[in-house]
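Let's walk through how a few parts of this protein pack together. Have the sequence and the model open as you read.

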Amino acid sequence: MPRLILTNGDSAAELLAAKAGDATIVPWRDVLHEGPIVGGPVEECSALRAAFLAERFGIDAVEVASEFAARDAVLRNHAGFDSIELWFEHDLYDQLQLIQILSFLADEDRTDGVMLVQADEFLGQQSADTILRFADRARPIGEDDLDLADRLWADLAMPTPEALVRHLDDGTDVLPFAGPALHRFLEELPSPRRGLGRTEQTALSLLTDRPASAIDLFRTAIAAEEAAFMGDLSFFLMLHDLADADTPLIAGLAARPAPEDPDPVSAYRQPLSLTEAGRAVVAGEADHVRLNGVDRWWAGTRLKGRTTWRYDRETMNLISPQASAA
């Protein structure tokens, strides 16, 4: 009775493998909260993602593309498995992966034998014995799950965040962690006053009183999250973006380590501080996007230039580029 398990990454996959018998286990391994996504066949999105991830993280493009192609081939062969188990957590990293997979299954009209295991704790922090307690939460996937995920993925792939904001509160109860995770994702859009996403603002605010290393900033920022979703390398690259801007907001960050560096973490042990511009941005007296412009992707939306989409975290309102320019 062939059985497929899809989960978020290698740690969970290894723990599940210890008890899963002869099941095929596939870790999804994609930080979908960074870089572009596109609708349509999963293979097209994977090709786009592989190119982005290789450039962003300095990893081998051929290797990433090959890994994604193998992963997608297993998913494409879903009919060869009598049962499919989806093991995912509550945070943004996992919920985006889950939405993408469920959207694929919606296109394939596959609900038979598909079970969802959702955890409100981090699977990779469990043991081979404790991770199995979440199996008691397994429930069958139905058409409502597929319809919701398909709509959310289509909204995310749109060239503006408008569709997601318009539909997000229309009913995500069937996937209870999706709504909070996507609201958190919206908070990564630039803010109306400072031009910073929430993680950027947290990092800079932590430097207001005293210098701190990138490692310490990461630990403190992640501890402040309701459901931590960002890995250390993603966080460090965000700091590089702030430090390497035309008008730097951070001082003291060493050059990005080369892939062959035997101790890449050493670059992130040095104390960092705010520049004068960084202090002005934190104080709300200057705006990062207006100072430096922006060129990054938020799902299917390219944020580019000095007038772009913004999100007011207090009022939960989306602000268009035209309105933000006023």
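## Where two helices meet

Ala 214, Ile 215, Leu 217, Phe 218 and Ala 221 from H9 are in contact with Asp 232, Phe 235, Phe 236 and Leu 239 from H10, contact meaning heavy atoms within 4.5 Å. By type, that makes eight nonpolar residues, no polar ones and one charged; here Ala, Val, Leu, Ile, Met, Phe, Trp, Tyr, Cys and Pro are nonpolar, Asp, Glu, Lys and Arg are charged, and the others, Gly among them, are polar. H9 covers residues 214–223 and H10 residues 232–243, and they pack at about 120° with axes 10 Å apart. The axes are lines fitted to C-alpha atoms over the stretch in contact, and angles run from 0 to 180 degrees between N-to-C directions. Helices (H or I, at least four residues) and strands (E, at least two) are DSSP runs, numbered from the N terminus.

A word on the source: this is a predicted model, where local features need pLDDT of at least 70 and side-chain atom pairs pLDDT 80 or more, while totals for chains, interfaces and linings use all residues. Residues are numbered from 1 along each chain as its sequence is written, and side-chain values use heavy atoms, leaving out hydrogens and water.

## Rings and a charge

The whole structure has five aromatic pairs. In one of them, the rings of Phe 235 and Phe 236 have centres 6.5 Å apart and planes at 75°, so they sit edge-to-face. Rings of Phe, Tyr and Trp (its six-membered ring) pair when their centres lie within 6.5 Å, and planes under 30 degrees apart are stacked, over 60 edge-to-face and the rest tilted. Ring pairs also tie Phe 218, Phe 235, Phe 236 and Tyr 268 into a cluster.

Elsewhere, Arg 71 has its charged end over the ring of Trp 28, 3.7 Å from the centre, and Arg 71 also lies over the face of Phe 68, at 4.2 Å. The test is NZ of Lys or CZ of Arg within 6 Å of the ring centre and within 35 degrees of the ring normal.

## What's tucked away

Buried means under 20% relative accessible area, exposed over 50%, partly exposed in between (1.4 Å probe, protein chains only).

| Buried residue | Relative accessible area |
|---|---|
| Phe 235 | 0% |
| Phe 236 | 6% |
| Leu 96 | 2% |

Leu 96 belongs to helix H4 (residues 92–108). Among its contacts beyond four places in sequence are Leu 32, Trp 153 and Phe 185.

Helix H8 (residues 198–205) has six of its eight residues buried, so the rest of the structure largely encloses it. Its cover includes H9, H10 and helix H11 (276–282).
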